[in-house]
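Subject: Structure handover

Hello,

I am passing on the structure we spoke about.

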Amino acid sequence: MLADYLNQYMDYVGSNGLMLSPEQRAALQISLEIAKKNYKFNQIYFWGKIVGLNADYFIIQGVETDELMGRKSLYSSNCMDWKLLPPATDEMIERSMHVKGRFLGDPSHEYDPITVKTGDEEADLELRVKEEERLTATIEQINREAAIIPRGAFVKTPLEQIHKNRSFEGLPVTEAGKLQSYLHFTMPLKLKLKSILSQANLEESIDFLNSLEDDELKVADTLDQDKASGKPNL
């Protein structure tokens, strides 16, 4: 959510009961402008809140020149003091996936060592994960799975930079209900795996991300397995 519209649209995303208090809203309104200036962001977004046992994490994302590659995540526990998170790596995400349970609210906390089977009984791997790393990995995983934009909302310039499409006014009614009209707003992983014929039908300036149409529907796979085994659909 763009910081400029925080107070205007916050009530629309509070249907699950996880709201911000008036004090938190006031603090965010001031601190986001300060963070934007200090980190020299072109735009700043309120990403959301991750609830912890002892304290909560408030997450914002700042954008530099490139809307996708130039994004940086920051966190705070009081909506005033913001700390920059390190970039998430695949190794960091893989380690963090082994941690179970809720966040504590202490970024310096180090979880108990986790023993991972490597297939070799004599070479089990012991992992050590800090909560700050887990926080970074969780934000990245949520972005990869849930950050979605309508097709045409962002454009890729000849300089390989991604910017908002100022001429975009929304999807037509006939296209709004189609999966191919929406794109994952993360680094494209499946796009280069498409056939040359499929890539030839894409418009390079707007079809530079993975389409929702290419997602694997795990629910459908489960239903097919149930049918094959004769299990009833409940």
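The notes below go from the whole chain to one strand and then to one residue.

This is a predicted model. The chain has seven helices and 10 strands. Of its 234 residues, 33% are buried. Among contacts with a separation of 6 or more, 53% are between residues 24 or more positions apart.

Strand β2 covers residues 57–63, and seven of its seven residues are buried, so the strand is largely enclosed by the rest of the structure. Tyr57, Ile59, Gln61 and Val63 point one way from β2, while Phe58, Ile60 and Gly62 point the other way. In a regular strand, side chains alternate between the two faces of the sheet.

β2 pairs with two strands, as follows.

- Strand β1 (residues 43–50) runs antiparallel to β2 and is joined to it by seven bridges. Gly62 in β2 is the bridge partner of Ile44. Six residues lie between β1 and β2 in the hairpin they form.
- Strand β3 (residues 71–76) is also antiparallel to β2, with six bridges. Leu74 in β3 is the bridge partner of Ile60.

The residue to look at is Asn143, in helix α4 (residues 131–146). Is Asn143 buried or exposed? Its relative accessible area is 14%, which is under the 20% cut-off, so Asn143 counts as buried. Beyond its neighbours within four places in sequence, Asn143 is in contact with Trp47, Gln61 and Thr186. The side chains of Asn143 and Trp47 are joined by a polar contact of 2.9 Å.

Regards

Definitions and conventions
Residues numbered from 1 in each chain as written. Predicted model: local features only at pLDDT ≥ 70, side-chain atom pairs only at ≥ 80, totals over all residues. Heavy atoms only, no water. Helix = DSSP H or I, 4+ residues; strand = E, 2+ residues; numbered from the N terminus. Buried < 20%, exposed > 50% of the residue type's maximum accessible area, 1.4 Å probe, protein only. Contact = heavy atoms within 4.5 Å. Polar contact = N/O pair within 3.5 Å; in protein donor to acceptor, adjacent residues only side chain to side chain. Pairing = 2+ DSSP bridges.
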